[in-house]
Amino acid sequence: MNWLSNIFQVTGLLFVIAGGASAGSLPEDWRDWKPVNTPLAEIGALPGCDADVSSLPPIYQRTVATYCNVRPEGPGAVAVLISGPAMSAYMARTGNFPDGSQTALHLKDMGILMVTTYEQGKPVYQVFSEKGEDITGVEGPLAAGTCSACHADAAVCVNGQCGTMK
Ligand code: HEC
């Protein structure tokens, strides 16, 4: 083994560690993604834990229950953002998203984005600060496993897409 293959091995290892389970980084153009009107976008915010959400569909009640205490007053204002290349798939609800980071639930008051990225056609979930720091949790409300457990609800979600354009 020569020094060159050593370097390749070391950098390869670092890449695996740094890459971990994460799908990628927040696209720099996320501010150009299009906000869409959905049931949640129309409500405008995720409320705090003492809000009466009994009139909402069950998956929305579960979403509020999962996220109402990430901030004492609730997560606050939200927007649903869709990338240009994903818009037709989102509108059609076919689940046929192009690979890459395509949809975001923007928690505007908290300055974070919940992002769905498609890898070989399958959804991967991550959370980013607006500056692009990966803040996906290992457990709890911001963990990828929490996202996928809910987004796998086949009664509502299609290949990771839970919302519907209104
Ligand atoms: C308990 C259920 C639940 C959990 C947990 C959850 N979501 Fe969602 N998510 C929803 C629902 C419902 C919508 C659709 C809201 C709307 O637009 O009306 C949604 C919307 C989204 C969207 C917009 C595109 C779409 O699917 O409609 C993204 C992106 C997203 N979530 C990512 C995430 C990520 C990342 C996590 C984990 C950090 C997460 N979600 C956790 C229920 C959940």
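User: Before we start, how are buried, exposed and partly exposed defined here?
Analyst: A residue is buried when 20 or more other C-beta atoms lie within 10 Å of its own, exposed when there are 12 or fewer, and partly exposed in between, with C-beta atoms placed from the backbone. The model is predicted: local features need pLDDT of at least 70, side-chain atom pairs count only at pLDDT 80 or more, and totals for chains, interfaces and linings use all residues. Residues are numbered from 1 along each chain as its sequence is written.

User: Which class does R93 fall into?
Analyst: R93 is partly exposed, because 14 other C-beta atoms lie within 10 Å.

User: Where is R93, and what is its phi?
Analyst: R93 sits in the loop between helix 4 (87-92) and strand 4 (100-107); helices (H or I, at least four residues) and strands (E, at least two) are DSSP runs, numbered from the N terminus. Its phi is positive, about 55°, although R93 is not a glycine.

User: And Q120: buried or exposed?
Analyst: Q120 counts as exposed because it has 6 C-beta neighbours inside 10 Å. Q120 lies in the loop between strand 5 (112-119) and strand 6 (122-129), and it has a positive phi of about 50° without being a glycine.

User: Changing topic, how many residues surround the ligand?
Analyst: There are 26, the closest being T38, L40, C147, C150 and G163; a residue counts if its C-beta atom, placed from the backbone, lies within 6 Å of the molecule.

User: Which element gives the largest share of that shell?
Analyst: Helix 3 does, with five residues.
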